[in-house]
Amino acid sequence: MAHKHGHARERIQFANAEDKQEFSKFPTKAGRRSLSRSISQSSTDSYSSAASYTDSSDDETSPRDKAQVNSHGSTDFCVKNIKQAEFGRREIEIAEQDMSALISLRKRAQGEKPLAGAKIVGCTHITAQTAVLIETLVALGAQCRWTACNIYSTQNEVAAALAEIGVAVFAWKGESEDDFWWCIDRCVNTEGWQANMILDDGGDLTHWVYKKYPSVFKKVRGIVEESVTGVHRLYQLSKAGKLCVPAMNVNDSVTKQKFDNLYCCRESILDGLKRTTDIMFGGKQVVVCGYGEVGKGCCTALKALGAIVCITEIDPICALQACMDGFRVVKLSEVIRQMDVVITCTGNKNVVSREQLDRMKNGCIVCNMGHSNTEIDVASLRSPELTWERVRSQVDHIIWPDGKRVVLLAEGRLLNLSCSTVPTFVLSITATTQALALIELYNAPEGRYKQDVYLLPKKMDEYVASLHLPNFDAHLTELSDEQAKYMGLNKNGPFKPNYYRY
């Protein structure tokens, strides 16, 4: 049969029973425990994270049990396989091509090293693109210790490449919940090294430091947080008077909002769904829960391919925008029976409940584009009467007693990072914003930032955008002195008042 050869494998419907054995099924409790660890060994692995060179015969020893050393004799890291560093280096070099803004930031600031003395502990997705950010921070003088904010999104070979150049990385693809917190702990709690800056995505690192090592905050000059979820947690801390250092919310900086949440999701939603399910979108009934920037991006793309899209929303302003863009605004419980695809992007929890999952039709695809994995009530699906069947990497069929199947992608975690790739250019914008926020907080004079959550100054936002314009050969028009005076502006910006909505 053809399925010994390369990628023909995923496409072939397995005819005989032995072939099916290859895809583990998870009907039993014991099987379920290993669910998060056993990212399917099928060849789909090689296309789930762009170009993961993870050999399919990879041994199942946990990286925590392996002693590894990089070529400089350091053992201060924990990755899947340090020998993959060379592959990872190539991935990083490819990513650099599309991240020219960070490279030019390196060139401009290399002399003055604005992060000299900074000890940054970071918790983000570990991909070739974040590696370019980490290496930029190192080039600007910082020491970094890094861990992953998502158990599935790490590119093993990239983590190896970072460990090879001496960054203390603790991450691998397919960590268990326990591994996840162990990695964060190893980053923060280390002899003779104390962080003075935190870069977080999702707030888990900040949460862990608060819970376990509150004394670390005596030294920390600031936290930079890049996700809706993490920012929400910071505002809650601030409200309760528990935030003891300044924090920079880069999620709501204009460039990050528009690019990461709108333009990026517009492309990656289709990518993630196609790679996992090969679905044809024309004529499909799709419901998108939430019409914020992510929801808007998803809807634009789905509509363009001929899907029939409706949305759910709690906010009357977003709902009105959806109506004006030509989408029906509905309640999920009213339409759930007719839907072919359900996509969540609210940042909230239990948006799709067990009761709604019970009412879905056979073959309905359910996935999440929000940050946290709480939007779909996945825990309620791990019950004895339902059978889990792993069909390929990141795709589970959940089978009801009557034979109905619901297709769950990435176990309800972030679809575009677990099942596809995010365009490098978009990540370049986010990463440049993070780098500037770190520089700003680290170098800010005493008293400029109090113990509160701040937005990135608009001047910096404009600087991030201007660093990316050369990619498009775009030329800005300059104001004349007379025009600047007439508008009451500085010729070099900022060009808009703080309340301006782009």
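In which helix is the place of Gly 297? The legends below, drawn from a predicted model, begin with that residue's surroundings.

**View 1. Helix α12 packs against helix α13, where Gly 297 has its place.** The answer to the opening question is helix α13, which covers residues 293-304 and whose axis comes within 7 Å of the axis of helix α12, residues 254-277. The two axes cross at roughly 35°, and the crossing is right-handed. On the α12 side the meeting residues are Gln 257, Lys 258, Asn 261, Leu 262, Cys 265, Arg 266, Ile 269 and Leu 270, while α13 brings Glu 293, Val 294, Lys 296, Gly 297, Cys 298, Thr 300, Ala 301 and Leu 302.

**View 2. Gly 292 and Gly 297 are two of the residues listed for a binding site in the UniProt record.** The entry, which is unreviewed, gives Gly 292, Glu 293, Val 294, Gly 295, Lys 296, Gly 297, Glu 313 and Asn 416 under "binding site". Gly 292 lies in the loop between β8 (285-289) and α13, and it counts as partly exposed because its relative accessibility is 30%. Gly 297, by contrast, counts as buried because its relative accessibility is 0%.

**View 3. Phe 77 is a buried residue in a loop.** The loop in question runs between α4 (45-48) and α5 (85-97), and Phe 77 counts as buried there, at 7% relative accessibility. Leaving aside neighbours within four places in sequence, Phe 77 is in contact with Gln 68, Val 69, Asn 70, Ile 82, Ala 163, Val 167, Val 169 and Phe 170. Phe 77 and Ala 159 are 82 residues apart in sequence, yet their C-alpha atoms are 9.3 Å apart in space.

**View 4. Helix α7 is largely enclosed by the rest of the structure.** This helix, residues 128-139, has twelve residues and reaches 16 Å from its first C-alpha to its last, close to the 16 Å expected at 1.5 Å a residue. Eleven of the twelve residues are buried, and the helix is therefore largely enclosed; among the buried ones are Ala 128, Val 132, Leu 133, Ile 134, Glu 135 and Leu 137. After α7 comes Gly 141, whose phi is positive, near 110°.

Key. Residues are numbered from 1 along each chain as its sequence is written. This is a predicted model: local features need pLDDT of at least 70, side-chain atom pairs count only at pLDDT 80 or more; totals for chains, interfaces and linings use all residues. Side-chain values use heavy atoms; hydrogens and water are left out. Axes are lines fitted to C-alpha atoms, for helices over the stretch in contact, and angles run from 0 to 180 degrees between N-to-C directions. Helices (H or I, at least four residues) and strands (E, at least two) are DSSP runs, numbered from the N terminus. A crossing is left-handed if the near helix is turned anticlockwise from the far one by less than a right angle, and right-handed if clockwise. Contact means heavy atoms within 4.5 Å. UniProt positions are given in the numbering used here, feature names are shortened, and annotations may be inferred rather than shown by experiment. Buried means under 20% relative accessible area, exposed over 50%, partly exposed in between (1.4 Å probe, protein chains only). The expected span of a helix is 1.5 Å times one less than its number of residues.
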